[in-house]
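Q: I am new to this one. Could you take me through its pockets, cavities and helix contacts?

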Amino acid sequence: MAPSIKGLAAYKKKDGMLSISKDQRSIVWLPLGARDADKSVSIAVVNITNLQQTPESAAKVMLKVFEKSPDAAEPVTHVFNFNSPSNPRGEANAIKDVLTNLISAIKANDASVPKPNGAGPASAAMAIASAVTSKPASGAGRWYDDSQLKIDIELQQSLMKKDPTLHRTYMESRRTKPDTISDSQFNSQFWSTRTNILRAHAVETNQKRGAYNVLSAVKPRTVDGELKLNISAEQVSLIFNQHPLVKRVYDENVPKVNESDFWSRFFLSRLFKKLKGERIVETDSTDPTFDRYLDTKSDDGLSQRLLSTHIPHIIDLEGNEENEGGNKTGNRKDFTMRPGSAAKVPIIRTINNLSEKLMAHVPPSDVDPADPIGMDEDTFNSLALKDLQGDPEENRIMLNIKEQSRFFSSEKSEMSAEAAMYAKQVPSEVLFELQADVDPTIMENDTSGHLDLRAAIGVLEDSDSEDEEEKMPHVGSKASLADAQKQVLEGVKARRTEMKGSSTESSLSGLSQKMFDRLTLTHATTTEFLHHFWLVFLSGDPDRAGELARMVETLDRAMDRINAVAADAEREREEALLKEKQRIRAKYDQYGIKEPWNPNSIGGGGKVVREMMEPTIRTLQKATKEYKKALAAEGLDVP
C-alpha cells in the first residue's frame, strides 16, 4: 500500500483534513474533531473528470475537483482551501500530482479510450509521458474538433493576421476584461463562438493545389541565343505521372545524357510537341534521342480502365450510337467527331486524354465506386432534370402570436405626416368636393364645346406654376404630379439601396470613418462581455457569484464607453457645424450670395450613435435588470 497523503484544507468554510486513501481509489475530506463518517466527503478517483488549482502567485491555495458520477448529467464541483500554517502550497501540489497520475493511469487502462497502434493498458508513468509528448491531432480530423480549434494558438494568430478587424476586437476585449477572468478563460470563451471561422481558415490554409497540365505551364525561353528553363522537382514528378513515356525515356537515357541537357533537348523536341498536342511540321528540329519514341504509344491503360467502368445510360454518348441503329443519313459529321488516329486533331484528343488522367485521380463526390452496377435511387435523383419538375410543396409551421403589440411595443414608429393628414380628413367632405369637381352643370367647356376635365381637376397646361392662392391642390395638378413623382423616385432609390447596398456616406450616417470604427469596436467588445455575462448568469453556479458581480461592473463600464463615443461624436458634429457656418459666412462676404442655413444637412452626432447602439443599450439594461432581480429574489441588497 502507498503511504497516505494528507493536507489541512477547508471545505465549505469548515476546517478539515483532505487525504488520499491507502488504496488510492478515493479522496476523503473529514472535518477536524469529527468522528462521524456521515460528515465526511468521499470522492472516487474514477469519477474525477478535471482538476483546477490556483496559480503559484495567488495568495490563497485552492484546489477545485470536478466529480461526475455515471448517473449524473452534470459534474459537481468541490473546492478545497488549503490553510496549513506551515506549507499549504506543498500539500496542495502533492495531492494534485498524485491525483493527476491516478487519473492518467485510469484513462490509459480504459478500453473505451482509443490507443495508438492498438496498444493495451499502460502504466501511469507511461500515460503521463504520452500525455506530455503528444501533440494535437493533425490532418482533417482536428478541423472538426472544436476543442482542438480553441487551443490551436498558431491557427488563431494566423486568422487574426488575416482579419485586422477580428484582431482589434480581440485586443480590445482582452484589455477591458474583468480581472477575475484569466487569459486562458478569455481565450476559450472568445474562440468558442468563432469555431466556424477557425475551421474555415484551417481548411483554407491546408488546401493544396491539385494536378494540372504541367507541359503547358513550363515555358522555356531563349535569351541571347541561350535556352533558359525553370523547372522544379514537383513539375518533374507531375510530368512523370501524367506522361509515363517521358519517364521511360528519362530512365533509358539518363545519366548517359546530362540531366539538364536532357530537359533542354526534350522541350525543343518533336516528342514534346506531340505530348503537348501541337502539330509537328517539317521545319521542327530533329533529335535522334527523342524522335525514336514518336511512334511509341503513351497510353498507360487508362482508356481500357475507363471503358470498363459502368456509365449510366442517360449520360452515355456512345449509347446514342447504339440506340439509333439502321443506316445513318444526313450531313457527314465534322472531322473532329469522326473516329481515327490522333494525328488528325492532336490537340483535342491530347487534352481529352490528359483530362481523363487528371480526373481519374479525383475521388468522386456523388458516386460510391463500391456500389453495385445499376441505377439506384440516389443516382436517378442526381441525374433527374430538376428544371422540369414542379415546385415542391411548402411545409411550413404557422406561428400564431396573440397580442403582438406586447412584443413590439418598443419598436413602434410614429405616424408619418402624410398619414396624419389623411387621418384628419372627413370622408363625406372629400366625397362632396369630388362630386362638385365633376358636376356637369358647373363644369366649363373647352374650345371644342365639350366638358373641360383638365380645368375641373386643376391642370393648367399653359402655366408653369400653380396658382399661389390654391391651398388644396387637386388630384392631377402639377403640384400633385410633382409630389407623386417625388414619392416614386424615393421608393426606387430605397429599393436600389436595399438590393445593391448603401453608399459609404449613408452607411456611416454622418459619422467620420474614425468615429464609426471606434463605435464598431465598442459594439463588438460589449457583445463579448454580454455573451460571457449570460453564460455565467445562466450557469447557476454559486461559486461564480463574485465573478458575476464583476461582470455587471464591466457592463456598466461598457455603457460608459458608449456614452463617451456619443459625446465625442456630438463634439465632432458641433465642429462640423461651425466649419459649415464659417464657409457660408465667407461665401457671403466674398460674393454677396446668401446661402440658406440648414443644420440638418450635417449628420452624425450623439443621437446617431445612440440610435445605432439602441439594441445593445436595451440588452445591457435587460442584463442589469435580471441581475438585480436575482439578487432581490435571494434576499440580498441590490447595489
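**Pockets, cavities and helix contacts**

A: Helix α6 gives the most to the lining of the second largest pocket, with five residues. The model is predicted, so to speak of local features requires pLDDT of at least 70, side-chain atom pairs count only at pLDDT 80 or more, and totals for chains, interfaces and linings use all residues.
A: On a 1 Å grid over the protein atoms alone, a pocket is an open set of points with protein on both sides within 12 Å along at least five of seven lines, while a cavity is a set where a 1.4 Å probe fits but cannot get out; lining residues have an atom within 4 Å of a point. Helices (H or I, at least four residues) and strands (E, at least two) are DSSP runs, numbered from the N terminus.

Q: What volume does the second largest pocket have, and which residues are closest to its centre?
A: Its volume is about 1,400 Å³, where a volume is the space filled by probe spheres set on the grid points, joined across faces, edges and corners. The lining has 30 residues, and Gln52, Lys64, Gln185, Arg544 and Glu547 are the closest to the centre.

Q: Which elements give two or more residues to that lining?
A: They are β5 (48-53), β6 (61-67), β7 (76-82), α6, α23 and α24 (545-591). By class, the lining of the second largest pocket has seven nonpolar, 15 polar and eight charged residues. Here Ala, Val, Leu, Ile, Met, Phe, Trp, Tyr, Cys and Pro count as nonpolar, Asp, Glu, Lys and Arg as charged, and the others, Gly among them, as polar.

Q: And how many cavities are there of 30 Å³ or more?
A: The count comes to three. The largest cavity has a volume of about 80 Å³, and its lining consists of Lys177, Ile181, Gln185, Phe186, Gln189, Glu528, Phe529 and His532. Both α6 (183-192) and α23 supply at least two residues of that lining. The lining of the largest cavity divides into three nonpolar, three polar and two charged residues.

Q: On to helices: at what angle do α5 and α23 cross?
A: Helix α5 (residues 164-175) and helix α23 (residues 513-539) cross at roughly 60°, and their axes come within 9 Å. Axes are lines fitted to C-alpha atoms, for helices over the stretch in contact, and angles run from 0 to 180 degrees between N-to-C directions.

Q: Which residues make that contact?
A: Arg168, Thr169, Glu172 and Ser173 of α5 and Leu521, Ala524, Thr525, Glu528 and Phe529 of α23 make the contact, meaning heavy atoms within 4.5 Å. These residues comprise three nonpolar, three polar and three charged.

Q: How do α4 and α5 pack?
A: Helix α4 (residues 153-162) and α5 pack at an angle of about 115°, with their axes 5 Å apart. Leu159, Met160 and Lys162 of α4 meet Pro164, Leu166, His167 and Tyr170 of α5. Five of the residues in this contact are nonpolar, one is polar and one is charged.

Key: Residues are numbered from 1 along each chain as its sequence is written. Side-chain values use heavy atoms; hydrogens and water are left out.
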